[in-house]
Amino acid sequence: MPRVHKSKFSNVFTILVGIVKEEIKVACAVCGSDKIYAEINEKPVVFNNGELSSRETLSPKDIVAAATVYYMTNADPDYEEFQETAKKVISDIRSSGKANYEDALLLCDSFYYTAKNKLSQDPASGSPAFIDGEPLSDESIKEMGRFFKPNISNDFPANTSIFTAIDFKEKATISESEKTTIVDIISRCKSGEFILPYEWSADDRQLIPSLSFLDLYIPSEDFEDALITMHRAGTKIIQNMDIGKTGENAIGNYGKCFAFIGKPGTGKSTMSKALCAALGMPYYPCTTTRYSEEDEYQGKLKISSSEETSSAGYTGSSSNFKFCKTPFLKGFERGGIVVLEEFNLADPGMLMGAIGQAIEKPFIIEKDGYLPTVRHPLCMICVTCNIGTQGSQMPSEALFSRTPHVFEIDDPADEQFVKILGKQTEDVSEKQIKTVYSTYRKVLDWLKTENMPELIKVLTLRHCLAALDQIAAGISTKKALQRTLVNPLKVYAPDVAEDVKVGIIDIIK
C-alpha cells in the first residue's frame, strides 16, 4: 500500500480461528454482565469488573483467548462492533475456510481500540490489567460461584451462541435485594428539589432557563457535585439575608467562584446553563476575548440615536453617549449565575484589575469605571477555560486562586456520550450513533497512541453531532465521518488526517 496502514494488528484473529476450529478448548459460565468464569484449555480464569484472574500462569495466547471469550459474551453495547465483526469472520471461515481481509483488520481494530480499552489498565505498562498466576484455590473458586450466584439456565444472550466449541452452562440471576437503586439527579432537579427559595423579579425570571432544558442534558459527576455545592452556598446566603444581613455580610464565606475547565466541546457552557435551570437562577453568559477591556464588566458608554434612549439597557441624559449595563454588571447587581466564557483568552492583568475585588471580598466593582457597586448576595460567578488551546493565556495566579472550586469537564463516559448523541439527534438509528461514536473513539485513541495530544483537542462531541446531522440528511456514513473527523485534522496536520482516513475511515463497512 502507498501509505503505512494504521490498523492495529494482533493475534486475536488467529485466536478466533483456533476457537472456531476447536484447536483452543473453551468452556464458559456467563455469570452476569461483567462476571464470567471460563476454562481456556482447562485453565480456569475469572473475569470480574474487567479484571482477569487465574490460579495458573497464563500464556499470552491464553490471555487473548480469555479476552476474546469475555468480549463475545459480555452484554455491554460498546462491544457490539467487535461481536458483529467476529460473527462475520466466523461465518466466512465456516463457509469458505477464510475471512475477508478488511474484516480481519476491523476485528483487530475493534479489539485494540474498543474492547481492550474497556478493561482495567496497568498504569505502568498501559496494558490490560490481567492478573497472571495469582493463586485461586478450589475453595476460592467455590466462593466465586457463591458470589456470582449462578443458576442453571438455557436462556443465553444471542451473541453467545456463535461458538459451537463453548459449553455455556450457567447464567446468573440477581436477586431484588442485591439491586442498587440509583437516583436520577435530573429527576431530582426537575422535581424542584434544588431550586433556591428566592423571589426573583419578573425581568429576572425571564432569564431563568426552563427545567425542560434538562430534558436533553446528560449529567456528569462534576455536574452533581457542583450543583450540591452551589445549592448549599445559595441556601446559606439566603438564610443570612432572611435575618437581615446584606452585602458582604450576607455573602459571608459562601461567595467562592467556580471554574469549569476542559478541552473544547465537553459541555462546560451547557453545564453552566443546566446549573441555572436546576437552581432556578438567572443566566448571564459573558463573552470573553483577547480584546476584552474593563468596560465589559464595569459597563460601557455607547453612542445611541434618540430613539434608543428609552431602551431598558441605557440610562443617563439626552446626550448621544449613553451608559449601557453589560451582562456581567447586570448579574452582579441583580443576582444570578454570571458565566465568564473562556476567561483565559483575556489579558490577565486587565481581568485582575477589573474584577479582582468583584469575585472575592470586598465584593465590589467600579461601575462605569468609578462608582463602587456592591455585589448582589446571590450573584454566583463561574468561569470556563479551554485547556491548552490556541489563543489561551495563563490566567493570573492571584485571580485564579479566587476560583477555588475547579471542576474538570472531560468527554463523558462511553455510555453517557452515546446517550448525549441519542438525545441531541433525530432521524438516525442507534446503530448509526454507535458507529459514529466508536469511530470517534478510535481516532482519539490512535492520536493518543501516536503521541499527538495537541490534535486530540481538535475533535469534540460537536463533530460527532455534525456527523449524525449529515447521516440524517442522507449522506453516507463514510462521507460524513470524513468531513467531521478527518477534514478538521487536515487544517492542522494533513498527513495525520490522511493516515486516519486510510487506517480507520476507509475500512468502515
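Figure 1. Tyrosine 198 comes out as partly exposed, because its relative accessibility is 27%. Keep in mind for this and every other view that the model is predicted. Running through the whole structure, a search turns up 14 aromatic pairs. In one of them, the ring centres of tyrosine 71 and tyrosine 79 sit 5.5 Å apart with their planes at 25°, so this pair is stacked. Tyrosine 198 pairs up with tryptophan 200 in an edge-to-face arrangement, with 4.6 Å from centre to centre and 70° between the planes.

**Figure 2. A cluster of aromatic rings around tyrosine 71 and tyrosine 79.** Which residues form one aromatic cluster here? They are Tyr70, Tyr71, Tyr79 and Phe82. Are tyrosine 71 and tyrosine 79 buried or exposed? Tyrosine 71 counts as buried at 1% relative accessibility, and tyrosine 79 counts as buried too, at 2%.

**Figure 3. Helix H16 crossing helix H20.** Two packed helices are described by the angle between their axes and by the distance between those axes. For H16 (residues 430-449) and H20 (residues 494-505), the axes come within 11 Å and cross at roughly 130°. That angle makes H16 oblique to H20. The crossing in which H16 passes H20 is right-handed. On the H16 side, the residues to look for are Thr439, Lys442, Val443, Trp446 and Leu447; they meet Val496, Asp499, Val500, Ile504 and Ile505 of H20. Sorted by type, the residues of this H16 and H20 contact come to seven nonpolar, one polar and two charged.

**Figure 4. Glutamate 224 in helix H8.** Glutamate 224 has its place in H8, which covers residues 221-242. With a relative accessible area of 30%, glutamate 224 is partly exposed. What does glutamate 224 contact, once its neighbours within four places in sequence are left aside? The partners are Ile185 and Arg188. Take isoleucine 185: it and glutamate 224 are 39 residues apart in sequence, while their C-alpha atoms are 7.1 Å apart in space.

**Figure 5. Cysteine 382 in strand E15.** Zoom in on E15, residues 379-386, and you will find cysteine 382 there. Cysteine 382 is buried, because its relative accessible area is 1%. Not counting residues up to four places away in sequence, cysteine 382 touches Met230, Phe258, Phe260, Ile337, Val338, Val339 and Leu340. Serine 269 makes a handy reference point: cysteine 382 and serine 269 are 113 residues apart in sequence and 9.9 Å apart in space, C-alpha to C-alpha.

Figure 6. Most residues other than glycine have a negative phi, and most peptide bonds are trans. Going from lysine 361 to proline 362, though, the peptide bond is cis, with omega near 15°. Proline 362 is placed in the loop between helix H13 (348-355) and strand E13 (364-367). Phenylalanine 363 lies in the loop between H13 and E13 as well, and has a positive phi of about 60° although it is not a glycine. Is phenylalanine 363 buried or exposed? Its relative accessible area is 3%, so phenylalanine 363 is buried.

Figure 7. Where does glutamate 342 lie? Look in the loop between strand E12 (336-341) and H13. Phi of glutamate 342 is near 50°, a positive value in a residue other than glycine. Glutamate 342 is partly exposed, with 31% relative accessible area.

**Figure 8. Stepping back to the protein chain.** Of the 509 residues in the protein chain, 48% are buried. Looking at contacts with a separation of 6 or more, 72% of those in the protein chain come from residues 24 or more positions apart.

Technical notes:
Residues are numbered from 1 along each chain as its sequence is written. This is a predicted model: local features need pLDDT of at least 70, side-chain atom pairs count only at pLDDT 80 or more; totals for chains, interfaces and linings use all residues. Side-chain values use heavy atoms; hydrogens and water are left out. Axes are lines fitted to C-alpha atoms, for helices over the stretch in contact, and angles run from 0 to 180 degrees between N-to-C directions. Helices (H or I, at least four residues) and strands (E, at least two) are DSSP runs, numbered from the N terminus. Angles under 35 degrees count as roughly parallel, over 145 as roughly antiparallel, 65 to 115 as roughly perpendicular and the rest as oblique. A crossing is left-handed if the near helix is turned anticlockwise from the far one by less than a right angle, and right-handed if clockwise. Contact means heavy atoms within 4.5 Å. Ala, Val, Leu, Ile, Met, Phe, Trp, Tyr, Cys and Pro count as nonpolar, Asp, Glu, Lys and Arg as charged, and the others, Gly among them, as polar. Buried means under 20% relative accessible area, exposed over 50%, partly exposed in between (1.4 Å probe, protein chains only). Rings of Phe, Tyr and Trp (its six-membered ring) pair if their centres lie within 6.5 Å; planes under 30 degrees apart count as stacked, over 60 as edge-to-face and the rest as tilted.
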